[in-house]
Amino acid sequence: MSLEQLIINCKKNDAKAQSQIYKLFSGKLFSLCLKYSKNYAEAQDNLQDSFVTIFKKIDQFSHKGSLEGWMKRITINTALQRYRSVGVFDIVNEDQIEDVAVEIDDDEISLDFLLGIIQELPDRYRLVFNLYVLDDYSHQEIADMLGISTGTSKSNLSRARMILKEKIEQYKVRTNSQSL
């Protein structure tokens, strides 16, 4: 069955079509959920909540852009919704923002290690880091999505980068001392 037909059938609440859509996109969307969640269980909850919303709002899909892109936006918003109400974001003075570069040597640091330390970031830093660095949102878009100022977005990104830089440097020191 074509993707177009699956969408049409989903709009009719066809359980088989919904199952097919789930099978087609759940892997990619779960990876996205992992980036925005504290742990695996929370990512599973976010994925389930995302699909509930996707199937509830499938009538709103207007075929402008891809279905996958539309589903990704819903998934990110679902994951972020958990943090909007909690108030995890600090208001900051933009004059205090320092841009920090993080140098990563692919030969020394594994992707699993990087994903692990990103997941360990405090919520406000992890969310902004993922949105800005991994998903290419602008600070203005992040501010609008999270209900914060662009300065807060920039500050949280800077702090996330500082924390990641420290953890990477500590990791390099540990691994270099073990190899001596």
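This report walks through the fold, the confidence and a few local features of the structure above.

**Overall picture**

The model is a predicted one. Its protein chain holds eight helices and zero strands, and from the N terminus on the elements read α-α-α-α-α-α-α-α. Of the chain's 180 residues, 41% count as buried. Among contacts with a separation of 6 or more, 70% join residues 24 or more positions apart.

The average pLDDT of the protein chain is 85, and 86% of the residues score at least 70.

| Helix | Residues | Mean pLDDT |
|---|---|---|
| H3, the highest | 40–57 | 95 |
| H5, the lowest | 111–120 | 86 |

Please take some care with residues 90–97, where the pLDDT is below 50. Beyond near neighbours in sequence, this stretch has 13 contacts in the model. Where pLDDT is low, the predicted coordinates should not be read in detail.

**Helix H1 and its buried face**

Let us turn to the start of the chain. Helix H1 covers residues 3–11, and its buried residues are Leu-6, Ile-7, Asn-9 and Cys-10. Why do the buried residues of H1 line one face of the helix? Seen down the axis of H1, they fall within an arc of 165°, so they share one face. An α-helix has 3.6 residues a turn, so residues three or four places apart point the same way. The cover over the buried residues of H1 includes helix H2 (15–36), H3 and helix H4 (67–84). Just after H1, Asn-13 takes a positive phi of about 60°.

**H4 against H6**

H4 also pairs with helix H6 (residues 123–134). Their axes come within 11 Å and cross at roughly 160°. An angle over 145 degrees counts as roughly antiparallel, so H4 and H6 are roughly antiparallel to each other. Their crossing is left-handed. On the H4 side, the contact is made by Ile-76, Leu-80 and Tyr-83; on the H6 side, Asp-123, Arg-126, Leu-127 and Leu-131 take part.

**A look at Thr-150**

Thr-150 lies in helix H8, which spans residues 150–179. Is Thr-150 buried or partly exposed? Its relative accessibility is 21%, and buried means under 20%, so Thr-150 counts as partly exposed. Thr-150 and His-139 are 11 residues apart in sequence, and their C-alpha atoms lie 5.4 Å apart in space.

Definitions and conventions: Residues numbered from 1 in each chain as written. Predicted model: local features only at pLDDT ≥ 70, side-chain atom pairs only at ≥ 80, totals over all residues. Heavy atoms only, no water. pLDDT = per-residue confidence, 0-100. Helix = DSSP H or I, 4+ residues; strand = E, 2+ residues; numbered from the N terminus. Contact = heavy atoms within 4.5 Å. Buried < 20%, exposed > 50% of the residue type's maximum accessible area, 1.4 Å probe, protein only. Arc of directions from axis to C-beta. Axes fitted to C-alpha atoms, helices over the stretch in contact; angles between N-to-C directions. Parallel < 35°, antiparallel > 145°, perpendicular 65-115°, else oblique. Left-handed = near helix turned anticlockwise from the far one by under 90°.
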